[in-house]
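Please look over the sequence and the structure shown here before reading on. The report is written for someone meeting them for the first time.

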Amino acid sequence: MRVLPWPSAAAFGFGLLDALDLYETVRTRFAAGEQMHPTQHQTVTDALLDGRRTPLWKANGKELKPQFWPDQLTSWLSMPLATEGHVVGILFPQITAGAEPQLVDRGRGVKDDDFFTAVTEDRYPDVFCLLPSLGDHTVLRERLGGLAHQGVVMNHDATATALVLKEAVARLDA
């Protein structure tokens, strides 16, 4: 299955930025007046300006993260952007602080709530009415469901998590 990228904001948690040694790069550029994506929550902006690296959370348990424009992935974080990709498998990640990174098999498959829809998408309004309503992604769900899939438990140890992700990719690619 071939996929094409959609140019939208990317989010990286403070822990990941810190683990990749990118926190100070982001903080310095932002403090110097460069702008971040407007969907970034004000508490994240305040934390960056104050130099706080502790993860921030919404009341519903969702992490608040710095938000980047797509071009900032390259210009700020030195991450090249892909123009297309081929899906060979699906990873179902679970991030648990303090847990041992490992591959798990929970029998999970692709579900309806894995897709953005006009009903569930809360970050970008569907001004062009392009997002499908619930149930309109049956064919895509079936195609993705037919691919290899792997569950993976990760933590905030970038080195240990990278090793288990490498193993997961090798399994999916086999």
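The sections below describe a predicted model, beginning with a sheet and going on to a pair of helices.

## The sheet and the helix on it

Three strands make up an open sheet with mixed pairing, and their order across it is β7-β9-β8. The edges are taken by β7 (89-95) and β8 (102-104), and because each of these has a single partner strand, one side of each is left without a neighbour in the sheet. From one strand to the next, the twist averages 30°.

The pairing of β7 with β9 (residues 148-154) is parallel and runs over 7 bridges, and within these strands isoleucine 90 stands opposite histidine 149 of β9. Helix α6 (residues 158-173) packs on this sheet and touches β7, β8 and β9, while its direction makes about 170° with that of β9.

## Helix α2 and its buried face

In helix α2, the buried residues are Tyr23, Val26 and Phe30. When the helix is viewed down its axis, these buried residues fall within an arc of 75°, so they line one face of α2.

Just after the helix, glycine 33 adopts a positive phi of about 110°.

## Helix α3 and its buried side

Helix α3 (residues 42-50) has Val44, Thr45, Ala47 and Leu48 buried. These residues cover an arc of only 165° around the axis, which means that they lie on the same side of α3.

The packing partners of the buried residues of α3 are α1 (14-19), α2 (23-31), β3 (56-57) and β4 (63-64). Just after α3 comes glycine 51, with a positive phi of about 80°.

## How α2 and α3 meet

Two packed helices are described by the angle between their axes and the distance between the axes. For α2 and α3 the angle is about 100° and the axes are 9 Å apart; the two helices are therefore roughly perpendicular to each other, since angles of 65 to 115 degrees are counted in that way.

On the α2 side, the contact is formed by Tyr23, Val26, Arg27, Phe30 and Ala31, which meet Thr45, Ala47, Leu48, Leu49 and Asp50 in α3.

Terms used: Residues are numbered from 1 along each chain as its sequence is written. This is a predicted model: local features need pLDDT of at least 70, side-chain atom pairs count only at pLDDT 80 or more; totals for chains, interfaces and linings use all residues. Side-chain values use heavy atoms; hydrogens and water are left out. Two strands pair if DSSP finds at least two bridges between them. Helices (H or I, at least four residues) and strands (E, at least two) are DSSP runs, numbered from the N terminus. Axes are lines fitted to C-alpha atoms, for helices over the stretch in contact, and angles run from 0 to 180 degrees between N-to-C directions. Contact means heavy atoms within 4.5 Å. Buried means under 20% relative accessible area, exposed over 50%, partly exposed in between (1.4 Å probe, protein chains only). The arc is that of the directions from the helix axis to the C-beta atoms. Angles under 35 degrees count as roughly parallel, over 145 as roughly antiparallel, 65 to 115 as roughly perpendicular and the rest as oblique.
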